[in-house]
Amino acid sequence: MTEREVVLLTGFEPFGGGESNPSGDAVEQVAANWNGDAELITAVLPVTFTGAAAAMRELIEAHRPSIVIATGLAGGRTAISVERVAVNLIDARIPDNDGAQPIDAPSVPGAPAGAFATLPVKSITAAIRGAGIPAAVSHTAGTFVCNHVFFTALQAVPSDVRAGFIHVPWSIEGAPTGQPALPLDDIAAALRIAIDTTLVGADDSGMPGGAIH
């Protein structure tokens with residue numbers, strides 16, 4: 001009998017004075033509607049450098065997932081952003097929810113300067129677009145808690161685990177005035193597509209996904 005795959009899907013709590021965080025809301029919606037063959041583990045992480053990284057390591061250690069997809073809010077972006085590169089850098093423009101604001105610090109001391117997602121980034125992006133939801137490959141996950149969790153996850157998982165990060169825009173239901181947004185249902189659908197695309201073993205070989213600038 002084939003062992004069930006374990007998928008770890010995480011989002012974040014509100015931060016920066018916001019009343020909601022569509023990443024956490026969408027993760028909870030995916031969990032509530034889950035009907036896949038894989039075992040789905042979900043968590044909403046604190047927006048703190050220390051707490052989020054520790055929680056991600058603990059979840060990986062406890063559940064031994066074969067797929068890790070962390071998600072977070074990128075307010076101002078207009079599309080689902082499937083991140084390709086994590087950098088070993090914390091440079092906080094604003095304090096985290098604990099009031100910490102580290103500057104020019106490594107996410108993981110002694111680790112390489114950067115790491116690539118091991119998810120099929122381009123295939124996920126294409127599949128989300130194919131469902132009529134705006135999506136793009138992104139080559140920067142910032143230098144705040146999202147990137148910190150992304151890099152931490154890539155360092156914490158074994159080499160055969162597919163891991164990465166997806167940034168989402170504001171949801172229409174919770175967006176501040178004037179901010180670009182997508183329906184929360186579309187954000188949750190995009191995360192489900194990301195899981196399903198990874199589970200079927202999609203391969204990015206030969207697919208363009210780079211950027212000129």
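This is a predicted model: local features need pLDDT of at least 70, side-chain atom pairs count only at pLDDT 80 or more; totals for chains, interfaces and linings use all residues.
Residues are numbered from 1 along each chain as its sequence is written, and side-chain values use heavy atoms, with hydrogens and water left out.

Together with Phe12, Leu45, Val68, Ile80 and Ile128, Met56 has the most contacts inside the largest nonpolar core, which has 63 residues. Helix α5 (residues 184–199) gives the largest share of this core, eight residues. A nonpolar core is a set of buried Ala, Val, Leu, Ile, Met, Phe, Trp, Tyr and Cys residues joined through side-chain atoms within 4.5 Å. Helices (H or I, at least four residues) and strands (E, at least two) are DSSP runs, numbered from the N terminus.

Stay with helix α5 for a moment, where you will find Thr197. Thr197 counts as buried because its relative accessibility is 10%; buried means under 20% relative accessible area, exposed over 50%, and partly exposed in between, with a 1.4 Å probe and protein chains only. The side chain of Thr197 reaches the backbone oxygen of Ile193 at 2.7 Å. Beyond residues up to four places away in sequence, Thr197 touches Pro120, Ser123, Ile124, Ala127 and Ala202.

In α1 (residues 22–32), the buried residues are Pro22, Ser23, Gly24, Ala26, Val27 and Val30. Their cover includes α5 and the strands β1 (6–12), β2 (39–45), β3 (67–73), β8 (162–168) and β9 (170–171).

Now turn to a loop. Asn88 lies between β5 (85–87) and β6 (114–116), and is buried, with a relative accessible area of 13%. Its side chain reaches the backbone oxygen of Pro112 at 3.2 Å. Among the residues that Asn88 touches, not counting those up to four places away in sequence, are Ala105, Val108, Gly114 and Phe151.

Our last stop is the largest pocket, with a volume of about 420 Å³. Of the 21 residues that line this pocket, Phe15, Leu73, Arg93, Ile94 and Phe144 are the closest to its centre. On a 1 Å grid over the protein atoms alone, a pocket is an open set of points where a 1.4 Å probe fits, with protein on both sides within 12 Å along at least five of seven lines, and lining residues have an atom within 4 Å of a point.

Terms used: A polar contact is a pair of N or O atoms within 3.5 Å; within protein, one must be able to donate a hydrogen and the other to accept it, and residues adjacent in sequence count only if both atoms are side-chain atoms. Contact means heavy atoms within 4.5 Å. Grid points are joined across faces, edges and corners, and a volume is the space filled by probe spheres set on the points.
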